[in-house]
Amino acid sequence: MITGAAVLLGVSAGQAQAAEVAYATKCVPPSGIGLPDVNGTTKVEITAPATAKVGDTVDVVWKFTQAASKNPDIIDLPANSVQPSGTLLAAGAQSADIAMQGPRENPAIPKGGAMTLSGMKGTLKLTAAGQVTLTPDAYVVNALSTDTKCAPTEAVQPAATITVTAGEGSSGSGSGSASPSTSPDPSQSQSPSPSASASGTPSTSPSASESGGDGQTDFTGKVVDIPYTCQSPIGEKRATSPIQINAKKNGGSYDLTVQFKKSVMDSPIDIPAGKVKPTMQIVLGGADEGSVTVEGPLNSAPIPQNDPIEIPDLTGVYKPGATGESTLSPGVLVIEAMGTTTTCTPDSTAVSLTLDTSEQASGASGGSGSSSSSGGSTSTSGGLAETGSGDHGALKALGLVAGTAILLGGAVFTFMPRRRAS
């Protein structure tokens with residue numbers, strides 16, 4: 001089927017071609033929501049240039065003519081809340097996994113309505129002469145910040161073939177490079193490396209004990225990447241955020257400020273002002289033990305759909321219960337919204353701040369009690385200091401529920417089986 005001219009990046013090529021293939025597909029909904037895996041049928045049309053030269057970088061397009069799903073009778077999906085991504089396999093003269101991604105663009109999808117997925121794009125640099133076939137493979141549907149993973153359950157036929165002729169830049173290699181041609185959606189933003197700040201620059205802030213200097217009152221912690229696994233009432237979600245703990249000495253205690261360096265996700269719907277409140281436990285270690293509660297204010301302004309859900313600065317007071325080097329690490333994060341509670345626990349944690357502390361009466365260490373003040377409190381149970389232990393299997397996915405609308409977290413669509421009762 002000839003559908004028009006091929007689009008190449010700065011080069012000319014033969015006419016583009018488009019062909020549709022259908023293949024049996026198994027889709028796995030997010031865990032913890034009670035929906036079974038479903039076998040359905042995916043229909044895909046792949047468009048690529050018919051001819052090109054070695055060294056060319058070509059655009060390829062994946063169009064869903066039928067998704068293996070429908071929206072269940074649970075919620076209406078708002079416009080621009082669904083985004084597909086997937087892998088297109090190149091084989092023959094060269095092999096490559098082409099990363100494909102579509103924009104978060106869809107019409108409003110009512111309960112029970114057919115899923116409408118945007119077209120995906122990717123690029124392939126041609127490295128060897130001969131026939132290069134393009135075959136659709138697994139794909140992921142991200143809807144309201146949750147992923148449903150779909151993969152073929154049978155051999156899939158190639159949907160397009162590019163005839164590649166020798167040209168400048170030919171390397172004779174049978175491998176190729178490929179990348180998505182659209183920027184990743186903010187809700188799927190990737191975390192920086194463990195030693196990097198949110199800007200990508202390695203953190204060089206010294207710990208308090210390294211800073212030294214008598215009379216020091218302000219202490220800047222290191223930015224540490226914390227991977228969270230969280231539990232909402234309707235599902236699970238994993239996300240990583242760079243976090244920094246800072247302190248200001250106030251008598252024998254410390255005023256703490258915790259900063260999340262980037263948003264972990266975008267809002268899939270409009271959220272009114274005064275509906276989201278975060279709280280976090282700071283885990284104590286070293287000379288001290290227990291945890292300190294820090295909390296943030298309610299969101300002061302509405303959060304429009306698709307805008308980042310920012311975690312504001314969290315504040316609290318730490319009263320040391322021991323003399324020596326005490327460490328502070330990000331711990332359990334709790335988000336209350338619209339009458340629901342979501343609890344997130346680090347899969348692993350890291351020390352952000354080290355303080356040279358002096359024991360205070362009724363301080364944190366030893367589990368003998370607790371102290372509190374405005375903006376936060378110190379817990380001395382010691383249990384939260386074991387963040388990362390085996391009890392975290394039940395603490396998963398960041399999700400909020402507003403009425404029947406799932407804001408973050410749980411499943412948002414089910415699948416149309418191959419057969420249905422009439």
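Visitor: Is Trp62 buried or exposed?

Guide: Buried means under 20% relative accessible area, exposed over 50%, and partly exposed in between, with a 1.4 Å probe and protein chains only. Trp62 counts as buried because its relative accessibility is 0%, and Tyr139, at 3% relative accessibility, counts as buried as well. This is a predicted model, in which local features need pLDDT of at least 70 and side-chain atom pairs count only at pLDDT 80 or more, whereas totals for chains, interfaces and linings use all residues. Residues are numbered from 1 along each chain as its sequence is written, and side-chain values use heavy atoms, with hydrogens and water left out.

Visitor: How many aromatic pairs are there, by the rule for rings?

Guide: A pair of aromatic rings is described by the distance of the centres and the angle of the planes. Rings of Phe, Tyr and Trp (its six-membered ring) pair if their centres lie within 6.5 Å, and planes under 30 degrees apart count as stacked, over 60 as edge-to-face and the rest as tilted. By this rule the count comes to five aromatic pairs. One of them is the edge-to-face pair of Trp62 and Tyr139, with 6.2 Å centre to centre and 70° between the planes. Trp62 lies in strand S5 (residues 57-66) and Tyr139 in strand S9 (residues 130-143), so the pair ties together parts that are 77 residues apart in sequence; strands here are DSSP runs (E, at least two residues), numbered from the N terminus. Tyr254 and Tyr318 form a stacked pair, at 6.1 Å centre to centre and 25° between the planes. That pair links Tyr254 in strand S16 (residues 253-260) with Tyr318 in strand S19 (residues 314-318), 64 residues apart, and both tyrosines are buried.

Visitor: Which residues do ring pairs link into a cluster?

Guide: The cluster consists of Trp62, Phe64 and Tyr139, linked by ring pairs. Phe64 is also among the residues in contact (heavy atoms within 4.5 Å) with Ser118, once neighbours of Ser118 within four places in sequence are left aside. Ser118 is found in the loop between strand S7 (96-101) and strand S8 (120-125), and its side chain reaches the backbone oxygen of Pro103 at 2.7 Å.

Visitor: In what sense do strands S17 and S18 pair?

Guide: Two strands pair if DSSP finds at least two bridges between them. S17 (residues 276-286) and S18 pair in the antiparallel sense over six bridges, forming a hairpin with three residues between them. Gly290 in S18 is the bridge partner of Leu284.

Notes
Helix = DSSP H or I, 4+ residues; strand = E, 2+ residues; numbered from the N terminus. Polar contact = N/O pair within 3.5 Å; in protein donor to acceptor, adjacent residues only side chain to side chain.
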